[in-house]
Amino acid sequence: MDIFLQALFLILDPYVLGVMFLAALFGLFVGAIPGLTATMATALLIPFTFFMDPVPAIAAIVTTVAMAIFAGDIPGALLRIPGTPASAAYCDEAFAMTQRGEAEKALGTGLVCAVIGGVMGAIVLSVAAPSLAEFAIQFSSFEYFWLACLGLSCAVVISTSSTVKGFVSLLIGLFIATIGIDVTAGYPRFNFGNVELMAGVSFIPAMIGMFAVSEVLRYVASTHTPLPMPQQKIGNVFRGLGPILSRYKVNIARGGAIGAIVGVLPGAGADIAAWIAYAVSKKTSKQPEKFGTGHVEGLADAGTANNAGLAGAWVPAIVFGIPGDSITAIVIGVLYMKGMNPGPTVFMNNPQLIYAVFIAFFVANLALLFLGFVAIRMSRQMLRIPRKILMPIILMFCIVGAFAINNTVFGVTIMLVLGVLAYIMEENGFPIAPAILGIVLGGMLEHNFVSSMIKADGDFLGFFSRPIAATLGVFVIIVWLIPLISLMRRRLRAAVSTA
Amino acid sequence: MKHLGFSARFAGMALAALALITSPSHAEYPERPITLIVPWGAGGGTDATGRMIGNLLQAELGQPVNVVNRTGGSGVVGHSAIATSKPDGYTIGVVTVEIGMMHWAGLTELTGADYTPIALYNFDPAGLHVRADSPWKTAQDLLDAVKANPGEHKGSGTGQGGIWHLALAGMLNDAGLAANAAPWVPSQGAASGLQELVSGGVDVVSCSVVEAAALLEAGRVRSLAVMADETLGAFPDIPTLKNETGLSWTNSAWRGVAAPKGLPDDVKAKLTAAMEKVYNSQEFQTFMNGRGFGLIYKSGDDFAKWMSDSDESLGAAMKAAGLAK
């Protein structure tokens with residue numbers, strides 16, 4: 001208790017709170033600009049944190065990231081440009097709601113779920129960090145391979161049109177993920193001697209291109225006068241949220257749990273958590289047909305999951321110095337710089353500092369409730385701009401974002417090429433969400449498959465040789481077989497009834 | 001006094017005017033922000049040290065130094081970006097040991113000779129890490145086990161043909177075993193390799209000791225040896241490979257700051273002087289020692305010689321280990 005009070009005083013210091021406030025504004029700004037990710041925001045903070053004490057330094061990072069992940073929802077909902085990759089899973093859903101005049105509801109749900117998710121993640125972090133880390137460290141490439149397979153199964157669930165077209169879209173995404181130097185053999189593939197392509201198709205420009213540029217193209221190409229965006233006022237974003245929250249309380253709890261668990265696993269972060277939560281939401285929903293048409297249910301799941309995943313990623317980072325995602329990879333560096341070397345000993349040597357970090361998570365997420373509200377109010381101006389003025393501005397932001405991720409014009413090329421590809425796909429009824437998922441998971445799937453095969457000397461049974469891997473593997477296979485079995489039963493019944 | 005002040009100021013103005021006349025286009029370097037390219041991802045050791053240097057160079061040169069991660073392609077992309085940028089001192093970068101490896105592997109034509117060397121600042125020898133519950137207590141135990149069952153025990157720690165792969169393959173080669181007697185499981189870096197080690201996926205990781213420090217401290221990993229001539233200051237308990245097994249094989253990663261080839265001499269002199277100050281600064285030394293990064297300093301021709309020596313020995317080792325094309 002004494003340590004807890006010490007930690008509380010460390011956070012409630014006016015200087016620390018001031019730093020957190022500035023970090024919050026910075027995070028909201030960076031998150032709302034497409035192409036600037038939470039990871040980049042953290043990297044940009046490092047020079048500033050160097051001159052701070054450990055607690056304000058870490059609190060600044062915690063706050064920035066929490067704000068950035070939520071702020072990514074704003075351009076996603078209003079303009080169909082996810083501000084950060086973590087918003088990509090439900091970007092279409094939120095945009096469909098905006099087109100129906102429900103931007104207020106979409107953003108309000110996103111905000112409140114982000115806060116709940118963030119607080120849930122913080123609770124998990126502060127209560128179960130050591131034991132969860134113990135679980136996460138048992139994962140080797142076999143387990144990650146099955147996890148990636150499970151993630152890919154989501155593609156079939158989230159695709160809004162026919163399953164076959166969703167599958168084709170997924171394969172396109174997986175193909176794009178194979179471009180560049182193959183991590184396993186170090187051999188360049190499909191790069192035609194181009195040095196830039198050796199690095200592969202960067203995910204951020206790909207995402208911006210497939211969502212935003214295709215939307216701009218559709219506007220340009222449509223011959224009839226487009227329907228004006230329904231008049232809407234974003235007044236009190238919290239109005240009408242009560243019923244939504246109570247109806248989807250199970251979804252929110254489940255999203256938080258999925259986010260925390262996926263976040264704890266090294267190498268799978270907030271963006272993958274959001275995809276999985278969204279797919280689980282649709283699969284278990286009573287109204288799966290409404291998904292993709294602007295249905296708030298998936299938002300509740302995925303919006304909670306991505307913020308919950310943030311705190312989860314800190315678990316292996318603090319306990320073992322193994323980064324849970326790219327943000328905590330940077331955090332580990334800061335921890336070392338501040339003399340809080342990660343490892344179990346940090347709980348013994350500097351308990352008040354670690355508890356201060358946990359408290360910072362709670363404070364940051366509560367501040368998000370207020371600051372996020374202000375950010376939504378300010379962003380509504382975007383909807384008042386006529387489309388013919390807005391569209392070129394969107395394109396400009398896309399170009400800036402695609403350039404900024406690697407500071408290379410090549411990013412802009414990738415964005416434009418994939419934008420055209422996504423436009424052609426959507427015009428022909430192919431959903432793009434599975435393709436994006438393929439790009440996200442393709443590398444992880446392939447790398448873990450090949451590593452596992454090397455480890456098992458080419459023996460497929462290796463995938464079932466470890467307890468967790470075997471459990472996951474059997475589960476994945478059952479998930480895959482269920483549609484086949486139900487199809488066969490239907491055929492069988494049909495055959496019986498006609499006979 | 002007042003009079004003197006005036007004349008001094010006048011003289012200063014006259015000098016400034018003269019400077020403007022004699023070199024109208026060549027104002028004092030640097031007059032605008034500098035970009036520092038880091039060829040590896042945010043969060044790794046190269047990124048951490050690069051950002052630290054960028055920060056301190058900024059104070060030294062009086063212009064913002066923007067650190068940019070140009071990742072991918074096993075380091076080819078970032079190293080190419082540094083080498084092919086304009087040699088005006090406004091784009092510099094961190095070059096790493098891989099510059100002497102990538103061309104042997106047939107990934108690029110680039111070598112250390114394509115840069116203007118500024119300063120070498122870091123040097124981290126490879127280690128030999130096993131799980132805490134591993135039956136191997138010494139490096140010799142490990143070698144004996146690999147010899148008894150070639151192909152059975154797997155190693156990891158970086159991508160295929162990366163520096164730590166070479167560390168393990170080269171050691172086995174030196175011990176008279178096949179370089180692939182402990183097959184390599186490529187990982188996306190030391191962190192994911194260590195995750196594989198602790199989860200039981202592989203048996204040995206040959207990354208640097210500093211990269212394994214957290215798990216070492218947590219008691220999940222044991223370091224059997226360090227592949228250097230002397231033990232490390234920050235980890236005096238880890239014996240050298242030579243001491244343990246008699247093998248004289250050493251292997252290490254290094255990092256240095258370099259600019260594109262053809263950098264004007266005055267710019268090079270200014271950058272080198274700034275880097276020397278940065279290296280010797282209290283902040284940099286505290287940071288490097290705090291994390292356990294190895295310190296070394298070589299500038300100009302010494303750094304160039306370091307790169308070509310490194311290139312040569314890496315090439316020989318890669319050929320012996322079958323990693324060269």
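1. Domain contact in chain B. In this predicted model, 17 residues of domain 1 of chain B are in contact with 13 residues of domain 2 of chain B. Two residues are in contact if their C-beta atoms, placed from the backbone, lie within 7 Å. Helix 11 (residues 300-320) of chain B gives the most to the domain 1 side, with four residues. Helices (H or I, at least four residues) and strands (E, at least two) are DSSP runs, numbered from the N terminus. That side of domain 1 of chain B divides into nine nonpolar, five polar and three charged residues. Ala, Val, Leu, Ile, Met, Phe, Trp, Tyr, Cys and Pro count as nonpolar, Asp, Glu, Lys and Arg as charged, and the others, Gly among them, as polar.

2. Domain bounds in chain B. Domain 1 of chain B covers 34-124 + 253-320, and domain 2 covers 127-245. Such bounds come from an automatic or database domain assignment. Taken over C-alpha atoms, the centres of the two domains of chain B are separated by 26 Å.

3. Basis of the model. Residues are numbered from 1 along each chain as its sequence is written, while chains are lettered from A and ligands numbered from 1 in the order in which they are written. As this is a predicted model, local features need pLDDT of at least 70 and side-chain atom pairs count only at pLDDT 80 or more, whereas totals for chains, interfaces and linings use all residues.

4. Chain B overall. Chain B has 11 helices and 10 strands. Its C-alpha atoms fill a box of roughly 85 × 40 × 30 Å along the principal axes. Of the 325 residues in chain B, 57% are buried (20 or more other C-beta atoms within 10 Å of the residue's own, with C-beta atoms placed from the backbone). Among chain B contacts between residues at least 6 apart in sequence, 76% join residues at least 24 apart.

5. Chain A with chain B. The contact takes 45 residues from chain A and 41 residues from chain B. On the chain A side, elements giving two or more residues include strand 1 (180-181), helix 3 (38-49) and helix 23 (433-455). Helix 17 of chain A gives the most, with seven residues. By class, the chain A side has 24 nonpolar, 19 polar and two charged residues.

6. Domains of chain A. The assignment gives domain 1 (2-465) and domain 2 (466-499). Their C-alpha centres lie 32 Å apart. In chain A, 11 residues of domain 1 are in contact with nine residues of domain 2. The domain 1 side divides into seven nonpolar, three polar and one charged.

7. Helices 4 and 19 of chain A. Helix 4 (residues 54-71) and helix 19 (residues 351-379) pack at about 35 degrees, with axes 8 Å apart. Axes are lines fitted to C-alpha atoms, for helices over the stretch in contact, and angles run from 0 to 180 degrees between N-to-C directions. The crossing is right-handed (near helix turned clockwise from the far one by less than a right angle). Residues of helix 4 of chain A in this contact include Ile58(A), Val62(A) and Phe70(A), and those of helix 19 include Phe361(A) and Leu368(A). The contact has 18 nonpolar, three polar and no charged residues.

8. Helices 1 and 19 of chain A. Helix 1 (residues 2-11) packs on helix 19 of chain A at about 55 degrees, with axes 8 Å apart. The two helices of chain A are therefore oblique to each other (angles under 35 degrees count as roughly parallel, over 145 as roughly antiparallel, 65 to 115 as roughly perpendicular and the rest as oblique). This crossing is right-handed. Among the residues that make the contact are Phe4(A) and Leu8(A) of helix 1 of chain A, and Tyr355(A) and Ile359(A) of helix 19 of chain A.

Notes. Buried ≥ 20, exposed ≤ 12 C-beta atoms within 10 Å, placed from the backbone.
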